[in-house]
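Dear colleague,

I am passing on the structure we spoke about, and my notes on it follow directly below. Please read them with the model open beside you.

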Amino acid sequence: MKGNKQYDVVIDLSGKMPFTIAKKIMKHSSAYIHTAPGPKEIISSFFINLFSSKKYRLLMLKPSPEYLAELTGYAEAGIAIVVSKVYPFNSFKKAYTEVPNGKFIGKAVITIYDLL
């Protein structure tokens with residue numbers, strides 16, 4: 001992880017960033033949101049939240065158009081989404097091999113067409 005940037009909220013959409021890593025980039029009173037928790041995460045979040053100002057939140061929901069619309073609303077309201085890497089469409093295979101390694105913070109984007 002590069003830099004010393006600190007975040008108010010870290011949302012782990014892939015389930016590949018453990019809380020122990022996320023807390024290094026979190027502000028003192030902030031939240032880590034895990035979107036695919038298992039039994040281990042449910043139990044550990046309870047104990048972490050008892051003793052830490054950095055909160056471990058669990059988000060358990062079924063994907064739907066309504067939830068996507070809510071996330072879109074957050075983006076329109078100004079939530080910062082960190083895009084770490086942009087791949088042109090003809091490099092989608094490279095993206096699918098690099099992204100699962102979890103070597104960068106933020107989202108990877110595959111551009112379908114260039115608007116410029």
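Helix α3 gives the most to the nonpolar patch, with three residues (helices, H or I, of at least four residues and strands, E, of at least two are DSSP runs, numbered from the N terminus). This is a predicted model, in which local features need pLDDT of at least 70 and side-chain atom pairs count only at pLDDT 80 or more, while totals for chains, interfaces and linings use all residues. Residues are numbered from 1 along each chain as its sequence is written, and side-chain values use heavy atoms, with hydrogens and water left out.

The elements that give two or more residues to the nonpolar patch are β1, α3 (65-76) and β4 (83-88), and V86 has its place in strand β4.

Turning to the sheet, three strands form an open one in the order β1-β2-β3, with parallel pairing (two strands pair if DSSP finds at least two bridges between them). The edge strands, each pairing on one side only, are β1 (7-12) and β3 (55-58), and the twist averages 20 degrees from one strand to the next (axes are lines fitted to C-alpha atoms, for helices over the stretch in contact, and angles run from 0 to 180 degrees between N-to-C directions). Five bridges join β1 to the parallel strand β2 (residues 26-34), where the bridge partner of V9 is A31. Helix α2 (residues 39-51) packs on the sheet, touching β2 and β3, and its direction makes about 145 degrees with that of β3 (contact means heavy atoms within 4.5 Å).

Best regards
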